[in-house]
Amino acid sequence: MRLDVTDLKVDYHNIAALKGISFTVPDGAFITMIGSNGAGKSTTLRTISGLVKPSAGTISVDGERIDRAAADKIVAMGISHVPEGRRVFKDLTVIENLYLGAFIYKDQDRIDRDLDEVYSHFPRLRERSSQQARTLSGGEQQMLSIGRALMSRPKVLLLDEPSLGLAPLVVQEIGEILQEINKNGVTVILVEQNADLALRLVDYGYVLENGRIIMSDKAENLANNDHVRKAYLGV
Amino acid sequence: MAILEVKKLTKRFGGLIAVNDVSFSVDEGEIHGLIGPNGAGKSTTFKVIAGFLAPSSGDIVFRNTSIKGRKPFRIAKDGVVRTFQETTLFQELSVFENVLIGVHKEAKTDVFSAVLGLDRKRQVRASMDANQVIEFIGLSERKDQLAVELPLGFQRVLAIAVALASKPSLLLMDEPFAGMNPEETRHMMELTRKVRESGVTIVLVEHNMKAVMGLCDRLTVLNFGTVLADGTPEQVQNNPDVIQAYLGGA
Amino acid sequence: MNASVYRTAVLIAGLLIGLTILPHFLKYHQQDFLIFLTINILVVVSYRLVTLTGEWSLIHAVMMGVGAYTSALLSKNFDISFWITLPLAGVAAGTMAALLSYPLFRMTQFYFLIGSFATGEAIRLCWIQFIKPFGGTGGISAIPSPELLDIDFLEPIPYFYLVLIIVTICVFLLYRIEKSRIGLTLHAVHWKGVLAESVGVNTWNYRALAFIVGSLFVGIAGALKVHYIGTVAPKQFDIGFMVFILIWVIVGGYRTFYGAMLGAVVLSVLDEFLREVNQLRPAIYGITLIFFILYLSGGLERLPQKIGSIFRMRKQGNT
Amino acid sequence: MGFQLQQESRRKFLKQVAAGAATVSAAGIIPSRAFSANKTLTVGMNIPMTGDLAPWGLPGFYGCEIIANNINAWGGVTIGGETYDLSIATYDHAYETDKAVQGMKKLVLEDDAKMVMMLGGATVAAVLPWATRRKVLTTTLLPSDITPDSEYLIATCESHPLYNVTGVEYLAREFPDAKTAVIVTNNDVEYGLQSTATYQAAFEVAGIEVVDTNLHGFDVTDFAPIVSSVLAKNPDIFCMATSFYVTPIMEQLYHQGFTGKIISCTLDYYHEIIQKTSVDFVNGTIFQFPDFDDPALLESGISFPDPAGFDAAFRKDHPNDWSAVAWEYPVILLNWLENAKAAGSVESEAVIAHMTNNKQEFVFGGGDWWGSQLWGLDNVLIGRWPVVVVTDGKARIQEYGDLAGWLEKNKDVLTKHMKNLGLRTI
Amino acid sequence: MDLFIQTIVNGIIQSGFYALASIGLVLVFGVMRVVNFAHGELVMVGAYTVWLVHAQHGAPYLFTVVLAIILVTGIGLVMERFLFRPMMNDPLGGLICSIGVLFILQVIATYVGGEGPSKQVPPPFEGTMVIMDSIRIPYQRLFSICVSAAALVTLWYFLTRSTLGWAVRAVSMDREAAALQGISTVRISMVAIGVGAAMAGLAGALMAPLTNINPHMGHNVIITAFIVTIVGGIGSLPGAVIAAVLYALFHTFVTTYFSGTIATISGLLIMVLVLIVRPTGIMGHRVSE
């Protein structure tokens, strides 16, 4: 599934958060957006998934406009968003969270097969399937959040800062799983402040500053770019 | 001489230990950086110092007095004032009014004086103070604009002006460079130095390494809620632990 | 700047002169109506001070009752002159507010709304429960009217002038407070409490201050009302009246100082016209309220602006 | 004018009204003032017509309308040589004091009402200072509104709460084995507590011990706990002192198996109570307000014109609204008209003077001015008051009790209980 | 001792009403973050429906109970569509709108029933069950408590065992995250207000034969519902049910042994106390930091 974003502008309370960005993500790609706080990365994802309405510009999937659709309809189109801060449903159990990820589907057998697949990515979730989500550790909650998104069988997976506040080992583990998911044919868009992690995982990257894309290139090129090295890799 | 000492500070949220036994001190007149990866406990430490969170244990000593557990407004009165990560301003008020609110200590009044106008002298002086700060920070030309109408960079500047108006001796700056372009970043760095030169000690929590390395006299690096390293920017940059954990071995 | 101050002064002076001669053109029962309306203006303006910090309290009507009961009890049981009980009514309501501010301001927003409602209802039920001294549901009657020279304050016009003077003074004081440093700080507490806190504003103190001062003035309004009617009863200060205060402010608008006053005046006058269809009145109120919330959320004070913008849009459409 | 002569003209007038009631209800004539050359005599009603207390205002207005229509249909009323058409002006104060004040002034000064009828309580207290000074003849259904200064306030019909003693006297005489009682009532001052004090006094005089008094608020939705609580005292008599919640309380008594005597101030809408419980259960309940189709109202000494005809006329237009006030306001109106006719003037001073200086006939017979002993002024007209008992599912007058006699003997007991409850007495 | 047991029985009967009447307020607040001040009036409409259709026009009681549920649910859905949905981001606006609805419903009730006395509905189930010669439960009340309990158990089952129920809870925990799972928050809002209004309608219909029916009866209902909601924890359904039972018992006991007004005053004070000590209620978790 190809994602086209054209001249996207977003205003938050009169402040321009996105000042017109355009990019295309080809089917099956794994890309990242890096940039500092407030650069517009999260806003980009939130606009794609329909949580925020753009003031101008278009978003389309395989040529079909989605920028006016409601968030729940966009999920049904195959775009799933793992929000920043995990946002699992804390009073529900792990399995209830996962079932809610498949809310748009009715076929119980198929849902259970999907569940098995998610469990195969994250065996720890299976162990804790009947626990309340609030009892999970940060890393487990992140896994649950990703697993929940996978339950909707996304063709495009949007991830917002999955490494936030996690131990390096867990970050490593999640990174590997993301690559696995991408290999299964899911387009992945990863937003990260941890530029180093992001650039090691993906094929292609965009650098956002102040609501604009200031640079885009293959990941290894970006990692070697002077500006990126200074600004985001601290070297 | 240390103006601020953080002693064995620990902060728990439920079972999670966000800050674990953190100690460091800030000398009078320096710009002290507090850095670390996301979730390292910087913001929590910062909030505890400014009184927005109560510490689980440990102590915070400002000018040899413990300010632990005091309310934020009280700590601000003592002279420790913070800025906010997001642009937190009185959006629908003008630049001047924003700064005027900052001049709280001197302009504070009671109902009787307010009604009878007995505080007029004090209010005039407060306006003068506000104007002075606006001039110092370089916003004179935009004095009557509404805060919401300012470009992002100027909003950040204004946020610092509001804080300065309350005459702090220690300014805690929370990611003032986030989302700024190089031009704005350069301007903000100059401004930060200027603030320090006016006699205010600064603690800076920041991700922007260029700014941190360029500005700070000393750095404290946090990781997983503990102090990983402490020292000058050069020392920290060359510390293998820091490179390993924080910069991820890049 | 000076020209606008001058204009405002002329406007206010004109308004006051208009109000001074107005009762002479009114029917007898309308003069009473004018008295109650003037008192209600003090009620909404004092409520405005409370809402400046962003909290919508549901206890204001009961605070009015606290003032009313205080003045009634003091003047009736201890023969204290109205001129002393009037300020004491304010002091009593302010003191009650001070006592309640500790528990109430531990809550914010929705919790504060419900908490203030519950506290008010509890106070009101106490007036019903404790017949000595509050007189139960029947309340207290035969409250003496003010005495001054040989003026007959049982007649509406003299009492109206008395009310007009006191309310004008109170409204002026409230205006001074709002336009002072305190008002600025209250705005700050409302819009960005944390930021205000971070520059040394004790937000809790300011919320309490607004609540106490607002209650003080509404206590005076309560005393003014019951010394005219001669009776005070718990029903006068029930949630129904509180809802009306809220409606006046919402319909009038709460962004400017005069918005709430405008709402009280317009709706009260409308109310008098609707007496013919008494049963329907609440529904008309309800529909008005919903209409304003949905389509005119700025209240009446925004009406000219809205009409202007519609007009401009038409114009643009034509060209 | 001699008393005999006055009696004669009075009978004629009442007959006229009564005949009207019959004709109007039978032929459905709606009198029209358009054809009348008479002046208009306006009487005001400053009453609740909306809100919680509307049931105690609105039916009274309907009743007075019937009376006024009858009078007008028969050519109006002649007072002091002038013939008037009677007009009822109303103001709905919804039981709010500030509205009541406005209403009073509107009725008197703008509608030119010569007399204003009110329900009583806080709204009367609110209008009193002005009405007294303006010498507006005001009437109330609550004698307890009378104060030493309220010269122009009269209570000429309902003897609330005094009449309660007649029911207790009857009960004590007919059922001498009943020795203990409980009282349940609203805790409002105007109605509930007044009644409670009176019942307590009446029980004391009758030698019945009150073992529990339960005062409840207006916020009760479930009476099960209250009824359980008082029934735990095993009383012989269950007494209800106000009307607001009689139905749900009776229902609870029924369900909780109470088998003793029930006495109540009112038993409005008792047909509904029978529907919710049973005829057998409600039978024998003693209260104070007769149905107006009761044949006992036709006996001599009862001065209400054609009660059954009035009852029928009322129920024809307002089948569900009958309550005691439906006939009480008309009684007050008729009494005032008679006195105005006799005095030859509609002005308050003349009418009041005539009232207090001449023998008045109370609606159920008898007629004495009373009140100074308790409230400071003799502006309450008391007389005989009926004791009503539900018999075979129908309210039937058993006897007429003598209020004046009881009060003469026992007013100190009454005063004591009123003081105990914190009620105003002189 | 009999009085004690009878009081417990009375309290348990009452708790069913409290829970039914409160649960809608909790649901709607949880999912939509709006305080529906007209909630008591929804109960009132349920009671009026029974009075009008059953008592006045002789339709079977059970039919009118269903009718009341349908009618009140309809009113709830209309409120959601035309008031609460446009007011989504303005909790105060939603509250004020619901006050407007409150007035309108009261006036409609007044027109339907007239300004006369409180309406009464003869109990469809007559007689009283007597246990051990002293404990008495009228069959009408027994019926009501059984239906309330059944309704609450069904609701519980729905919320804890069905995907749609999880979705309702998910929306009340985190609206945005729920939308990201493909859950239509609009649809869930409709479900929540529909279920809440249905419960209110049912409560009204069950109460109708047991209480005075008048246009203002909603006032007491909303006070009770507030207390139950606050004490139970805003947005917490288990909390609301537990609080309803506790408060019903408390209120019944205080009414029995002291007085009804004292019971209400102390109920309000307990609520304020809970707000002070633990603003999120006994069972509630903080809605958002």
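A salt bridge is a side-chain nitrogen of Lys or Arg within 4 Å of a carboxyl oxygen of Asp or Glu. The model is predicted; local features need pLDDT of at least 70, side-chain atom pairs count only at pLDDT 80 or more, and totals for chains, interfaces and linings use all residues. Residues are numbered from 1 along each chain as its sequence is written, chains are lettered from A and ligands numbered from 1 in the order in which they are written, and side-chain values use heavy atoms, with hydrogens and water left out.

**View 1. Domain 1 and domain 2 of chain C.** The domain assignment (bounds from an automatic or database assignment) divides chain C into domain 1 (30-237) and domain 2 (239-319). Their C-alpha centres are 24 Å apart. Contact (heavy atoms within 4.5 Å) joins 23 residues of domain 1 to 19 residues of domain 2. Between these domains there are 0 salt bridges, and 0 residue pairs are found in polar contact with both at pLDDT 80 or more. A polar contact is a pair of N or O atoms within 3.5 Å; within protein, one must be able to donate a hydrogen and the other to accept it, and residues adjacent in sequence count only if both atoms are side-chain atoms.

**View 2. The domain 1 side of the domain interface in chain C.** About 2000 Å² is buried between the two domains of chain C, 83% of it on carbon and sulfur atoms; buried area is the accessible area (1.4 Å probe) that two parts lose on being put together, summed over both. In domain 1, C:Val44, C:Arg48 and C:Trp56 lose the most area to domain 2, together 28% of what that side buries.

**View 3. The interface of chain D and chain C.** Here 34 residues of chain D are in contact with 32 residues of chain C. The buried area is about 2600 Å², to which carbon and sulfur atoms contribute 53%. Polar contacts number 5 residue pairs, both at pLDDT 80 or more. On the chain D side, 14 residues are nonpolar, 7 polar and 13 charged, where Ala, Val, Leu, Ile, Met, Phe, Trp, Tyr, Cys and Pro count as nonpolar, Asp, Glu, Lys and Arg as charged, and the others, Gly among them, as polar.

**View 4. The salt bridge of C:Asp271 and D:Lys99**. The side chains of these residues meet at 3.9 Å, N to O. The count between chain D and chain C is 3 salt bridges.
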